[in-house]
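Colleague: I'm new to this structure and could use a hand reading it. Could you take me through a few features, one by one?

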Amino acid sequence: MDASGSGPQAAEGAPGAPAHHPLAYEGVWRFTAPAVEESVPQARRAVRDLLGRQGVPAHQDLVYALLLIVSELVTNSVRHAALLSPEVAVEVAIGREWVRVAVEDNHPYRPKALEADFGQTGGRGLLLVREITLESGGVCDVEHTSTGGKVIWAALPLAAPPTPR
């Protein structure tokens with residue numbers, strides 16, 4: 001995987017607000033890989049290693065959720081977009097209180113599985129992404145890119161894990 005990234009970047013604040021001093025783990029990183037099955041575990045490892053290397057204060061359940069989301073999204077790009085998109089991009093944006101993972105390809109089709117249709121035999125991966133994201137208190141969406149492709153993303157909070165009762 002090719003990786004490029006930027007380290008901590010200061011966020012713009014409201015006029016008159018104190019400057020936001022980025023934490024050591026904040027930043028945006030982007031990895032690209034060929035749209036082949038072997039890229040799925042490579043993307044998962046790259047995200048896991050990035051979270052560890054940056055010292056992101058993410059509990060084990062959150063890391064697991066992020067890695068599962070990356071696996072599902074990269075798998076979908078490899079299986080459904082490879083003909084039009086020989087390369088897939090994974091972006092990880094880490095803020096003070098959240099982590100956002102996004103997978104981008106050049107295929108224009110916007111998958112509908114983020115809206116549940118339990119009668120379908122396919123599309124379970126995106127349903128799983130949506131459910132994991134919601135259960136974690138996050139949000140996910142699909143957006144078109146300026147080049148005619150799409151990016152599917154999920155942002156999860158870096159909150160403490162729920163306490164068992």
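This is a predicted model: local features need pLDDT of at least 70, side-chain atom pairs count only at pLDDT 80 or more; totals for chains, interfaces and linings use all residues.

Colleague: Okay, where does Ala35 lie?

Modeller: Helices (H or I, at least four residues) and strands (E, at least two) are DSSP runs, numbered from the N terminus. Ala35 is in the loop that runs between β2 (27-34) and α1 (39-54).

Colleague: Is Ala35 buried or exposed?

Modeller: We call a residue buried under 20% relative accessible area, exposed over 50%, and partly exposed in between, using a 1.4 Å probe and protein chains only. Ala35 has a relative accessible area of 12%, so it counts as buried.

Colleague: And which residues does Ala35 touch?

Modeller: A contact means heavy atoms within 4.5 Å. Leaving out residues up to four places away in sequence, Ala35 touches Val78, Ala82, Ser85, Pro86 and Glu87.

Colleague: Now the salt bridges. How many are there?

Modeller: The general idea is that side chains of opposite charge can pair when their charged atoms come close. The rule here asks for a side-chain nitrogen of Lys or Arg within 4 Å of a carboxyl oxygen of Asp or Glu. By this rule the count is seven salt bridges.

Colleague: Which residue forms a salt bridge with Glu37?

Modeller: That's Arg79, with the closest N and O atoms 3.8 Å apart. This pair links distant parts of the chain, 42 residues apart: Glu37 is in the loop between β2 and α1, and Arg79 is in helix α2 (residues 60-81). Glu37 is partly exposed at 40%, while Arg79 is exposed at 57%.

Colleague: What about Arg30 and Glu91?

Modeller: Their side chains meet in a salt bridge at 3.4 Å, N to O. Again distant parts of the chain are linked, with Arg30 in strand β2 and Glu91 in strand β3 (residues 87-94), 61 residues apart. Arg30 also meets Glu104 in a salt bridge, at 3.1 Å, N to O. Glu104 sits in strand β4 (residues 98-105), 74 residues from Arg30.

Colleague: Which residues are linked in a network of salt bridges?

Modeller: Arg30, Glu91, Arg100 and Glu104.

How values were computed:
Residues are numbered from 1 along each chain as its sequence is written. Side-chain values use heavy atoms; hydrogens and water are left out.
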